[in-house]
Structures are given as C-alpha cells and as structure tokens.
Amino acid sequence: MEKSSSNETQTLTSKKELLDCTEGEDCQENGLLVKNPKSALHGDKGEAGQISNGYSVVQSPVPCNGIGDGEDVQCTAQPQLLELEERETWSKKMDFLLSVIGYAVDLGNVWRFPYICYQNGGGAFLIPYTIMAIFGGIPLFYMELALGQYHRNGCISIWRKICPIFKGIGFTICIIAFYIASYYNTIMAWALYYLISSFTSELPWTSCKNAWNTVNCTNYFTNASITWTPHSISPAEEFYTRHVLQVQRSKGLDDLGGISWQLTLCLLLIFTIVYFSIWKGVKTSGKVVWVTATFPYIILFILLIRGATLPGAWRGVVFYLKPDWQKLLATEVWVDAAAQIFFSLGPGFGVLLAFASYNKFHNNCYQDALVTSTVNCMTSFVSGFVIFTVLGYMAEMRNEEVSEVAKDTGPSLLFITYAEAIANMPASTFFAIIFFLMLLTLGLDSTFAGLEGVITAMLDEFPHVWGKRREWFVLGLIIACFLGSLSTLTFGGAYVVKLFEEYATGPAVLTVVFLESIAVAWFYGINQFCSDMKEMLGFTPGWYWRLCWVAISPIFLLFIICSFMSSPPDLRLFDYNYPYWTTIVGYCIGTSSVICIPIYMAYRLIITPGTFKERILKSITPETATEIPFGDIRMNAV
C-alpha cells in the first residue's frame, strides 16, 4: 500500500474490502487498531498484514443496503484514515538504554552490593546472586519492559488491558514513588553539600580543629604517633554526623529538632534540576542521561585505578572476594542475594513500564533487557573493587583488620569511610569533587526515572485533565515531593530516611511485583502474553521464560516477602536504637500504599453490575483493547 501524503484523508478499502469486526477478531477503535478484549482471553489472533503510514485507522458506519448487490450481508464498518496525534517516542534507541541503565544503576550499586557481598561469603556470594538474577530478577525485568512496550501505557491505565481488578497496583506504585522521592533526594542533598564543601584547598573533614569537633576526634593520618582507640572518632565522621546532619541536636524520632536551612537549599536546587530535566518528557530527559548515565562510569574507572595503586589495596580486595563456602548453607545469604538483585534491577516501580511505553512497537526489548541487566550487575561487581581497595588502604593506615574498617554501611560508607580515604590521598580536592559529582549523577538518574513513572501513569490515566498540562503537573508533583521531604531535612532527618528506606519501599514493592507477575501469568494468561510478544518481536519466548514467569519468579518473590515479614529489621543508626513503636509506624507506612490494592478490588466489584460470579469474570477480563501504534497497524483481511 502506498504511503499517503500528510494533508490527505483517504478511504483505505473499497466496498469489497470490508473489515468485519466480530468477536474473536481485531477491531478498529478511536483511530487505532485494537484487539477485541474477549479474544484476548483465548489468545486468538487473525493473520495480519502491516500498513506503514503516518495515520491511524478508524471505522465509519456504512448502510447495509446497496452492499453485496442485493444479497443479505452482515453490516460492517468501513475503515477510514484519520490524522491523529502519535504517542511520544524516544529520539534515539540509546536514549532509552541510557535511561534504563541510569535508573537501574544507582547509589545502592555503590554502597549496598559491596557490603552485602563481603557480609555473605565474599566470592561465594556471587553464586546465589547469579542464580537469583537468572531465575528471578532478569525475567521480571524483561516482563515489565515487554508489557510497557506492547500496551504503551503507564502503571495505572495498563491494567484495563490486562486485568482490571488489579488496577490498584498502579496507585500503590505512585504512592511508593512519592515516598522514595521524599527521602532519596535528601541523600543527594547531602552529596551536594559535600560537593560544595569540597571546593577548598583543605577539605573540611580532614581536621579536628573545627567548631563541630569533640575531644574524641582523632586524626591519625596527619600524626603517625596517634593510636586509634575504641573511643576514637574520625574527623570525617564528625563532619558527617555533627556538621552536615547535626544529629546531636535531635533526641531521635520522637524529637527531630528544627530544619537545617543548608540542606533545605541543597534539596531545593536538586529538585530544580530534576524539574527542568523531566518537565518536557522523554525528549529532554533522554538527552540529560547522556551525561548523568555515562559520567559515573568515567569516575568509577578513575577511582578504580587510583584505589588499586594505594598501599594496602590488596587487603581490601582479598577481603571482598575471599569465598566463605559455609555461608551458602545459610538461608539469609540467599534472601540477601534475591533482595539485592531485585532492588538493583528495579521492577515494580512503574519506571520500566513507563520508559518502554515510549519505545517503537517492534523494538527488541528482549535484547534491551539482557544488555541493561548485565551492565547493571557488572557495575555492582566493579563498584566493590572501587570501595574495597580504599577500605584496604584505610585498614593499612589504621593498622586494623579490614572487617573493623568496613563496619559502616549504607550512606555512611560513602560519606564517612570513603570521604575520609579520599581526603588523605594526593590531589584530594580533585578526587572529592569528582566522587560527589558521581554520587549526584547516580542519584539524579534514578529520580528522573521514578518521577517519570508517576507522570506517565497519571497523564495516561487522566489525559483529558493533564494531557496538555504536563509542565504544570510535573511542577505540582515536584512541590509535593519537596514538602514531603521536610521531615528528612530536620536534625534527626537521617533517622527518618533510615525508617523510610527499610519499611516504605521494600515489602510494598515486593508485594506489587508478586501480584503483577500473578496477574500477567495466571489471569491475563501466559499464552496470551507470549502471543503478544510474538506479534511485537517476531518470536515467542521459550520454555525457560514461561517457566520463570509462571512459577519460579513468583516463588522467588514470595520467598523474599516471607523472610522479611518473619524477621523485621532491627534498626540502629549511629548510637540511636530505634524504639519498638517505630516498627509499628514502619509497617503502617508500608501498608498505606499496599492498601490501595484491596480497596480498588472491593470498589471494582461493588460498581460492576451482575451477580457476584459475573462481577468477578468482568473484573478479570480486559475491558480496554490494546492499540497498535501508528506506523505498525495490523489489519485482518476479509
């Protein structure tokens, strides 16, 4: 078929070329080719040809009389060519890949993986980590990319095309994303404060002569005769806890203290950068990630080379990779491996659905899933060398074991231990600047992605309200996230960050992805899902992927959920032990997002007419057909 000019509207078929829209076949609706929702239950698909043009197809009714030369024929509609607005797509394939990599590779790759690796058997940990990646993390990652690319919707409205009763999952994801934005960006504000403080000839966390230092401050780098004792505190630790966070001015979660105006200004600048990076959509954010996703790799390479040349670096590498095979018999090691690969790849946050929805319909998301997940896992592994070469150097300087130096976890590993090591290297100012710039770019990518998941979801769900007002919606979302972050900007804000990190995201996201995998594999149907992928990619996923989606991945998720629920984390930060009531508060925060799922299920069943059985059947049947995007229209020939 010839391509039509942009200013023409033509009929695609003559009277003899009728398109019958009956049950079990594809139909035209709202200017797009759609699949009959009823046929989606059985996986029936007619043979289709492809039309390549810049338009979409819509049916216009035609009278029965005069058709078929007096014969009794079924009334059909005649497809017409209409000029409609096309969904935004990535400018380049690399924009998408860098956005996904930037989302998946975040601060956790730098601080969480190395710590979990040495804690769970060193090199031996790589075995459960790889197994969990192959059978759990990567299949779920691939599934979300495929769902988003095929159905081309955000995490809320996509459920109308899969299983409507699970639509509450989308609202849960949006609430989780709000919680993450409320504490994750505060960590970046800390990094920005460090970055600004690095523009001096002598870094402020190298001296014990500052107003915030105590009598326990011990600077063993400048004086070799000083002995490190159990009561010693490094100047880097006091700079972090007493100057940046000012935790000494808070008694804990029951008395957070005032708001730090310095951190508030840093966070305001962070959110300003975020707003102007995502306000116009993937066309702008896709360009920003060329810097924010590639810059960390340049810095990691520089820091790896520098760390390898430090005295004692080999001690850290041995400690990092020395296998402890007995650890493989412990259940906790396998739980940690499953949790690490899951949170590293990041399914369940709505981001992969949103990013993939802007792909071209026939993009090879299978290849994308393998490439990006491999890059993510390799980044985590290499980051371990960057961290532990420096920890080996620290142990050499303190004349201690690496295990004693490596006690700091989470953000403290970066802002205390690593910052202290950098401060005592030659050209310390240069290395401090590039290191904290790297942390900022790692965090910005993930923030772009997390908020884009919410933005895409809301714009797709309420196009008549926000479709033409994206900039205003993004501004409102940014303001809401900034206001939600105020508790983390207090003097006890670090305690709030820890609480949200442990309870607001972990179990809630695990529950979301567990239900998502069940809904797709068991309700929508694994055969229908694989049929969709064949239409999109040209090949059907093999038995390995089917088995993972149907059984192994849901079991993998259930395994992590049960482990978490059976042993909630015992929270401690610095010298503060979290009281028992914070566990209840934590579970309430986690439940506040997940509660959307049963609430929407009940609401759906109440508003659906019919008997209870009919309501159930209607609620698990796709109610909105899937559009085949412009340029990839497929028609059933009669």
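Trp-205 is in contact with a set of residues beyond its neighbours within four places in sequence. Among these contacts are the aromatic residues Tyr-194, Phe-239 and Phe-436. Ser-197, Ser-198 and Pro-235 also touch Trp-205, and so do Ala-236, Ala-419, Glu-420, Ala-423 and Ala-432. Please keep in mind that this is a predicted model.

Trp-205 also belongs to the largest nonpolar core, which has 184 residues. Together with Phe-436 and Phe-529, Trp-205 touches the most other members of that core. Helix H19, spanning residues 493–537, gives the core its largest share, with 24 residues. In soluble globular proteins, nonpolar side chains tend to be buried together.

Now to the cysteines. How many disulfides does a search of the whole structure find? The search finds one. Cys-208 and Cys-217 form this bond, and their sulfur atoms lie 2.0 Å apart. The disulfide is left-handed because the torsion about its S-S bond is about -75°.

How accessible are the cysteines? The table lists the values for four of them.

| Residue | Relative accessible area | Class |
|---|---|---|
| Cys-208 | 26% | partly exposed |
| Cys-217 | 12% | buried |
| Cys-117 | 0% | buried |
| Cys-365 | 0% | buried |

Methods:
Residues are numbered from 1 along each chain as its sequence is written. This is a predicted model: local features need pLDDT of at least 70, side-chain atom pairs count only at pLDDT 80 or more; totals for chains, interfaces and linings use all residues. Side-chain values use heavy atoms; hydrogens and water are left out. A disulfide is a pair of cysteine sulfur atoms within 2.5 Å. Buried means under 20% relative accessible area, exposed over 50%, partly exposed in between (1.4 Å probe, protein chains only). A nonpolar core is a set of buried Ala, Val, Leu, Ile, Met, Phe, Trp, Tyr and Cys residues joined through side-chain atoms within 4.5 Å. Helices (H or I, at least four residues) and strands (E, at least two) are DSSP runs, numbered from the N terminus. Contact means heavy atoms within 4.5 Å.
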